[in-house]
Amino acid sequence: MGEHFAAFSFVDRITEFEAGVKASGRFAVPSDVAAFPACLVAEAVGQLAAWVAMDRIAFRGRPVAALANQTRFHGEVRPGDTLELGVAIEHCDDEAVAYAGWARVEGRLVIELEDCLGPMLPVEDFDSPSALAERLALLRGRGAEPGRFHGVVAPRIVDRAAVDDDSITATLEVPSTAPFFGDHFPRRAVFPATLLLDAQIALALQIAAPGERPARMTHVKMRSFIAPGDVLQIAARRAADAPQRILLSAQAASGKTVATARLELDRRNPA
């Protein structure tokens with residue numbers, strides 16, 4: 001439990017909170033981490049929405065694998081930046097939460113999440129309801145101590161192989177142990193979907209043209225939980241009918257597809 005609310009928690013303080021409706025918050029990215037990729041920025045937005053959702057249903061459930069149907073990437077976040085987070089809840093009950101969210105740095109928009117849906121699962125299966133309630137009270141009060149995050153143990157990517165100029169495959173080895181498992185989630189270790197997406201984006205960029213960068217991600221679907229020690233085959237290939245669209249997939253060793261998404265690239269200069 002030493003890593004709970006430290007190894008994979010990205011809200012330091014909630015600065016505005018309208019129960020069941022909206023919230024604003026912030027997270028100070030430590031200056032000593034190597035990087036803070038866009039997928040972790042999206043994770044921070046989702047975590048803020050999760051706090052509003054859990055409070056709305058009195059911590060009976062929590063959103064798990066909450067993903068955006070569309071994520072727009074507007075700019076980079078660097079170590080030492082402070083994220084200004086915001087979420088608007090469209091609907092929330094014991095079954096699911098629907099929301100939109102965004103993150104800014106010094107007023108500059110860096111990411112937008114649209115049409116997000118998070119299925120609610122029993123909170124006791126993943127975390128302590130009382131610990132979560134206490135944490136929310138802290139975040140809404142004086143806030144948590146910044147600088148708790150020290151980076152993540154990246155999954156090992158091996159056996160990269162370019163099938164042709166428009167497709168590439170690799171093997172992703174999920175760590176058997178890592179500090180983030182104590183935070184996501186303490187009672188059931190689950191490999192975060194955002195870390196999988198980050199690895200898939202990195203793979204896709206290996207077949208990108210010079211100057212291309214991620215513009216938006218759509219149609220993200222997580223079909224099953226990923227456990228510590230799992231081995232996945234990940235792939236990226238350009239869509240035949242849209243050269244700047246890359247189709248992403250991840251398969252378990254059994255051959256079962258566990259995740260799919262679409263990544264669109266453009267040639268705009270980073271903000």
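This is a predicted model: local features need pLDDT of at least 70, side-chain atom pairs count only at pLDDT 80 or more; totals for chains, interfaces and linings use all residues.
How many Å should the 19 residues of H1 span, and how far apart are its end C-alpha atoms? At 1.5 Å a residue, H1 should span 27 Å, and its end C-alpha atoms lie 28 Å apart, which agrees; the expected span is 1.5 Å times one less than the number of residues in the helix. Residues are numbered from 1 along each chain as its sequence is written, and side-chain values use heavy atoms, with hydrogens and water left out.

Helices (H or I, at least four residues) and strands (E, at least two) are DSSP runs, numbered from the N terminus. Of the 19 residues of H1, 16 are buried, so this helix is largely enclosed by the rest of the structure. Here buried means under 20% relative accessible area, exposed means over 50%, and partly exposed is in between, using a 1.4 Å probe and protein chains only.

Most residues other than glycine have a negative phi, and most peptide bonds are trans. Ala58, which follows H1, has a positive phi near 55°, and Phe59, which is not a glycine, has a positive phi of about 60°. Phe59 lies in the loop between helix H1 (38-56) and strand S3 (61-63), and at 12% relative accessibility it counts as buried. Glu106 also has a positive phi, near 55°, in the loop between strand S6 (96-105) and strand S7 (108-122), but Glu106 is exposed, with a relative accessible area of 77%. The peptide bond from His184 to Phe185 is cis, with omega near 5°, and Phe185 is placed in the loop between strand S9 (167-173) and H3.

Beyond H3 we come to Glu212, in the loop between helix H3 (193-204) and strand S10 (213-222). Glu212 is buried, with a relative accessible area of 11%. What does its side chain meet there? The side chain of Glu212 makes a polar contact (a pair of N or O atoms within 3.5 Å; within protein, one must be able to donate a hydrogen and the other to accept it, and residues adjacent in sequence count only if both atoms are side-chain atoms) with the side chain of Arg238, at 2.8 Å. A polar atom of the Glu212 side chain also lies 2.7 Å from the backbone nitrogen of Ala209. Leaving aside neighbours within four places in sequence, the residues in contact with Glu212 (heavy atoms within 4.5 Å) include Leu205, Gln244 and Leu265.

Aromatic rings form another part of the picture. Rings of Phe, Tyr and Trp (its six-membered ring) pair if their centres lie within 6.5 Å, with planes under 30 degrees apart counted as stacked, over 60 as edge-to-face and the rest as tilted. The structure holds 12 aromatic pairs. In one of them, the rings of Phe180 and Phe181 have centres 4.6 Å apart and planes at 55°, so the pair is tilted. Both Phe180 and Phe181 are buried, and ring pairs link them into a cluster whose members include Phe8, Phe10 and Phe191.
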